[in-house]
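Please open the model in a viewer and keep the selection panel at hand.

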Amino acid sequence: MRNIHYGFSSNNTITGTVVSKGETFTAEAKLCPGDKYSEELGKLIVKYRLEIKQRRRDLRNTEEVIKRLKEIYADEHNNKDFSEISKHWMRFIQDASEERKSQLENIAFAKTALEVLSQGDGKVETMIRKIVKKHYSDERTIGLLIALVNMVRGEVQ
């Protein structure tokens, strides 16, 4: 997720705002006294909270597209001879269903990232163990590990 604008308040709260497709999303992470969280960790927590909000919006849009495509497909079957029904409607539904699956996976990934980042003891080793225990695909596991490496380096993307 790019173009996140971060703000910091006097009560140790990091706020992030991003505009996606004309819609503004905001999320925050509170850095409580005594916590071992760093600014970079707070930014990552904000980033994943924003991603969940944005992906849920995209999921709702995708589900609406699937609903409409199914209505068109049903209408085709009810009002046309079998030989006149386009085979492409089912393909469109399949493609939209794959997009829905991708959005669900992205939401699950972001939730896991949040869990690992916010429920750890602040030690990178503990976070890595939690990530590996989740049994994600290699690609998703590597994504979480890269996010942690960037955090340690002080880079938040």
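The stops below cover the nonpolar core and then the salt bridges.

This is a predicted model, in which local features need pLDDT of at least 70, side-chain atom pairs count only at pLDDT 80 or more, and totals for chains, interfaces and linings use all residues. Residues are numbered from 1 along each chain as its sequence is written, and side-chain values use heavy atoms, with hydrogens and water left out.

**Core.** Select Ile45, Val46, Tyr48, Leu50 and Leu117, which touch the most other members of the largest nonpolar core, a set of 23 residues. Such a core consists of buried Ala, Val, Leu, Ile, Met, Phe, Trp, Tyr and Cys residues joined through side-chain atoms within 4.5 Å; buried means under 20% relative accessible area, exposed over 50%, and partly exposed in between (1.4 Å probe, protein chains only).

**Salt bridges.** The whole structure holds eight salt bridges, each a side-chain nitrogen of Lys or Arg within 4 Å of a carboxyl oxygen of Asp or Glu. Select Lys21, Glu23, Arg57 and Asp58, which are linked in a network of these. Lys21 and Asp58 pair with their closest N and O atoms 3.8 Å apart. Lys21 is exposed at 70% relative accessibility, whereas Asp58 is buried at 12%. Asp58 also meets Arg57 at 2.8 Å, N to O, and Arg57 is buried at 5%.

Finally, select Asp95 and Arg91, whose salt bridge has its closest N and O atoms 3.6 Å apart. Asp95 is partly exposed at 41% relative accessibility, as is Arg91 at 46%.
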